[in-house]
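Subject: Structure for you to look at

Hello,

Here is the structure I said I would pass on. Please open it first and then read the notes below it.

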Amino acid sequence: MPTALRSKGFIALALLPALLLFVVFVIIPIFWSAYYGVFEWKGIGASRFIGFGNYSEILQDPIFWRALKNNLILVISAILGQIPIALLLALVLLKNSFFSRFIRSAVFMPMVLSTVVVGLIWGYIYHPQFGLVNTVLEAIGLESWTRAWLSEPHINILAITIPINWSNIGPYMIIFIAALQNISPEIDDAANIDGAHGGKKLVYVTLPMIWSTVIVTMVLCISGSLKAFDHVMVMTHGGPAQSTELLATYMYNNTFRVYRYGYGSAVSTIIMIISALLIGINYLLTRRKAE
Amino acid sequence: MELRTTRATGTTMDSPNRKLVRRGLSGLGKLILIGYAVFTLYPLYWLFISAFKTNEDFFKRPYALPLVWMKENIFRAWELGGMGRAMLNSTFVTLSSVVLTLAFGLLAGYVLSRFQFKFKKVAVALFMAGLLIPIHSTLVPLFLMMKQMNLLNTYGALILPYTAFELPIAIFLAMGYMASIPKEVEEAAMIDGNGWWGIFGRIIVPLCTPIVATISILAFLRFWNDFSFALVFINSQELKTLPLSLALFSDGFGTDYSLTMGAMAIAVIPTILVYLILQDQIMKGMVAGSIKG
């Protein structure tokens, strides 16, 4: 064995680059934003200490609450949209036939596209004049349903959930397929002998067997939805009239459009707290259910 | 190629009638699946046909094949959008970040999976926390910090944060994989007179090829497609990456649809090619990464 001293030197040197980079660019900014959050600061000139002034202003800003609501809409649409569709696809695409492999790769494909490309394409699909959605609606005689999908408040945030779900279903599907393939054939046979088929088998046998995977995907949906930024930034910039603002775009717009660095830092701290809360709540809720 | 939805154990007692119903259902299921596949692929197909149209053609027959295939669109988009430069920047930034992520991540993963030392638990917990931090919430403080470090508008403004944010996943994947390598391998290498660096470089890294592939794929896709960091940390035209150039291009040439589509087609082709070649590894890698992350 190399001497203990040489081991220590190796440990320190091997760990140092990763640790240093991670602490400087990930951990320190968190504290930095908490610190700047208590200042009124325009980015240039002197900053002024205002205590919790930014925080109370944020909590009183209706736009902040709208942004939070929009984020929650994304979370709910991800949990209700991505997980069931992914599970359904996984159930029917379980076999490794050529057909199901082809469908799987098609479903997964949007995941490798840049979010900017996804946002731009869907921006065109929703275009009021030549967009695919309105064209199809007109073709099947539903002219009254056509609209400017990304401009009308209340509808536009729902319209935005579709491309996000569209591109994120693939990985969940693959996760479910892996989980389903792990169910031992004996259990499957036992269920068949006991007369469990179709929906019954799904609810009483299959779902409980993969419940831990469902929880994992739910946590991923929550954290993924809180990260949403690119799609909205590309499709609407959070507009019109801030109707599609998300927490992250709210932070971005306040910091880099109107140059309120202190305020933006406070928002970023709040995002951190909200994510921690949501992930914690989900953890507690699903843990109880799993028991 | 037949997709059988019935299981061997269930079919033995079926009457011919039920078989017929099942076959019908399976056919219907296939149709729905094909419909879903079209739903995921059509936007991309539409992007490519639109990229080769004149604007007039695009407006008049947005969903038909091009009347004339306008290859010029692609060249014009390439020049006007500075796509060549953007692709060079994306390539450089992505490759450097992937290399750094691999080097630092594997080293740290090795130390954390093999050695016992005082602050090990703290270090592991720290990296673990990194998996939960929402990336965008650090945009503002990172911007302010890098402004003071004079890092904004340099390649470092992207390479360093990319690597830092990818390290937790890389480290956990590496730790998990290295735990499965038997200790005897190292002991044998030690007897042959290798130090820790030798063991790591000559024995461990070559054994880690599968996980190196996973980490690289994950990192490549994340860095290549990143928009938010580039948007906030990069301002100068010379340093813009592909997604950023694309977003700005569509703002600037918003009404020249076929040109914008041409630029998008250029940006999409590399990822599609990589996906077609490596799709199995990409699927597995992204799933492994997302579960850990």
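**Confidence**

Where pLDDT is low, the predicted coordinates should not be read in detail. The model scores ipTM 0.86 and pTM 0.87.

Residues are numbered from 1 along each chain as its sequence is written, and chains are lettered from A and ligands numbered from 1 in the order in which they are written. Local features need pLDDT of at least 70 and side-chain atom pairs count only at pLDDT 80 or more, while totals for chains, interfaces and linings use all residues.

**Where the chains meet**

On chain B, 72 residues are in contact with 74 residues of chain A. Helix H14 (residues 257-292) of chain B gives the most to that side, with 12 residues; helices are DSSP runs (H or I, at least four residues), numbered from the N terminus.

**Domains of chain B**

Domain 1 covers 15-72 and domain 2 covers 82-252, with bounds from an automatic or database domain assignment. Their C-alpha centres lie 38 Å apart.

Regards

Technical notes: Two residues are in contact if their C-beta atoms, placed from the backbone, lie within 7 Å. Helices (H or I, at least four residues) and strands (E, at least two) are DSSP runs, numbered from the N terminus.
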